[in-house]
Amino acid sequence: MMNTTLPLIIHGKDIVLPNHDHHYPISSNSAPQLTAFQGATPELAIQAVESCASAFPTWSRTTPSQRRQLLLNLSSLLKTHTPTIQTLIEDEIHCPRPWSDENIAASIGMIEETASLIADTLTGTIPPSNGNTYALVLKKPLGVVLGIVPWNAPLILGLRAVVPVVAGGNVAVLKGSELSPRTHHFITALFREAGFPPGVVNFVLHRPEDAAEVYECMVEHPAVKKCNFTGSTGVGRVIAAKAARALKPVLLELGGKNSVVVLEDADLGQAVEEIVTAGFLNNGQICMSTDLVYVVRSVAEELTGRILDRLHSEERPHRVISTASRDRLTALVEDARSKGAVIHQARNPVAEDPLAFPATVIEGVTQDMDFYTIESFGPVFGIMVVDSEEQGLQMVKGSVYGLSSAVFTRDHFKALKMSGDIAAGAVHVNGGTVHDEATLPHGGVGDSGWGRFGGRWGLEEFLQTRTVVLNKCRASL
């Protein structure tokens, strides 16, 4: 009999309730037989946590080399399954091939980089201590970690939520998105295929209306020691507040109103290419996408003209994830238009698609427009003319967000000074705001969250330090 329901994975087993309870409809072009996914009940969510808790004692005692080998198995399998996961990603989030390719390449790089760091990151220290003693500072895993992941880069962000967790000797519950359920199921099934023991990575989904109940019962469970969340700032506030009530730490990678400052000595050709790429890649649905371009007045006309030339030659189809997203973008653009902005839009080859939204540039953004403060999360960015580089810098510094930013100038010393003044997780000099690598820390400040994924910083997020003080024994009388 053909399975029509995407299962949860708990302790290595596929879970589908027999009475269709908590099922949620999905549609799939590549797997039309799948009509729904199994949503978690509170009982199933607790079962996933307790399965992890039962696996933790044994898994935490595995050696770094054992964990490294399993992660390398995971990477090898991902390479083997590349055509499958490409289809899954493109089917679920309506993205072009370059974005699914980037998800796969970045995921492989992240897995392999994490595998290479395990032993060094777990190494403790022996700091000086008073008297005839030795103090040993050990690094230990936390326990069960809850990872809550979004749909927009479903493979890399799904893996990022659990790979450093299990590499450090922890166990993980991956809470996937209802907008990319098959990709997130694929991730957990891949851990199972790679040989990770049952319960090391469990997988839950839930219906949107069950989000609060499912999250609360897991974060309040005593076995859960930390939560990581990637998503919107609004939801991140809720996640953090409920975790704080349970005295659980969180790692939050949230939204960004990512800004670019273009100075008068910039290479304008390079700036245009980087701005347009970072503004429209994956239909602008990346946390690091460029939203605002501040350009000094002396080069504003030329930069804007070049950007509009690129916009009008844009031939890629642009779709967003939902009608709600399309309607929100329409409202932002129309508000800007009503307040004096000039709206430029590219021809969209899929204009008849109900999820279509054209690549858009808002010329003449002002501070009273909703677009000035609200993250677009779509193929839209705005241009704002400033009188000086100092004014542009002050505008960037005035944002409540701080995820990614960029400065375009030929003067690298000036760029370095400006970068030190910008409160953001990353500042890119003569590069686009969409940039991350497996060797780098990634995260934001302010309304863009706290904590860091990536490299050794991401591994250390899921380790605790423990101090052991050795005193010399007294001689017996």
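Predicted model: local features only at pLDDT ≥ 70, side-chain atom pairs only at ≥ 80, totals over all residues.

Residues are numbered from 1 along each chain as its sequence is written, and side-chain values use heavy atoms, with hydrogens and water left out.

**Stop 1: the two domains**

Colour residues 4-255 together with 439-466 as domain 1, and residues 259-429 as domain 2. These bounds come from an automatic or database domain assignment. The C-alpha centres of domain 1 and domain 2 are 31 Å apart. In the contact between them (contact means heavy atoms within 4.5 Å), 20 residues come from domain 1 and 20 residues from domain 2.

**Stop 2: where the domains touch**

The size of an interface is often given as the accessible area lost when the parts come together. Domain 1 and domain 2 bury about 1600 Å² between them, with 66% of it on carbon and sulfur atoms. Buried area here is the accessible area (1.4 Å probe) that two parts lose on being put together, summed over both.

Now select His94, Trp99 and Trp151: they supply 33% of the area that domain 1 buries against domain 2, more than any other three residues. Between domain 1 and domain 2 there are 6 residue pairs in polar contact, both residues being at pLDDT 80 or more. A polar contact is a pair of N or O atoms within 3.5 Å; within protein, one must be able to donate a hydrogen and the other to accept it, and residues adjacent in sequence count only if both atoms are side-chain atoms. How many salt bridges are there between domain 1 and domain 2? The count is 0.

**Stop 3: charged pairs**

Side chains of opposite charge can pair when their charged atoms come close. The structure as a whole holds 25 salt bridges, each a side-chain nitrogen of Lys or Arg within 4 Å of a carboxyl oxygen of Asp or Glu.

Select Lys226 and Glu461, a salt bridge whose closest N and O atoms are 2.8 Å apart. This pair links distant parts of the chain, 235 residues apart: Lys226 is in strand β10 (residues 224-230), and Glu461 is in the loop between α15 (455-460) and β20 (463-471). Helices (H or I, at least four residues) and strands (E, at least two) are DSSP runs, numbered from the N terminus. Are these two residues buried or exposed? Lys226 counts as buried because its relative accessibility is 7%, and Glu461 counts as buried at 18%. Buried means under 20% relative accessible area, exposed over 50%, and partly exposed in between (1.4 Å probe, protein chains only).

Next, select Arg97 and Glu90, where the closest N and O atoms of the salt bridge are 2.4 Å apart. Arg97 is partly exposed, with a relative accessible area of 40%.

Then show Glu216, Glu220, Lys242 and Arg245 together; salt bridges link them in a network.

**Stop 4: Thr133**

Finish at Thr133, in strand β6 (residues 133-141). Thr133 counts as buried, at 15% relative accessibility. Its side chain makes a polar contact of 2.8 Å with the side chain of Ser129. A polar atom of the Thr133 side chain also lies 2.8 Å from the backbone oxygen of Asn130. Leaving aside neighbours within four places in sequence, Thr133 is in contact with Val469, Leu470 and Asn471.
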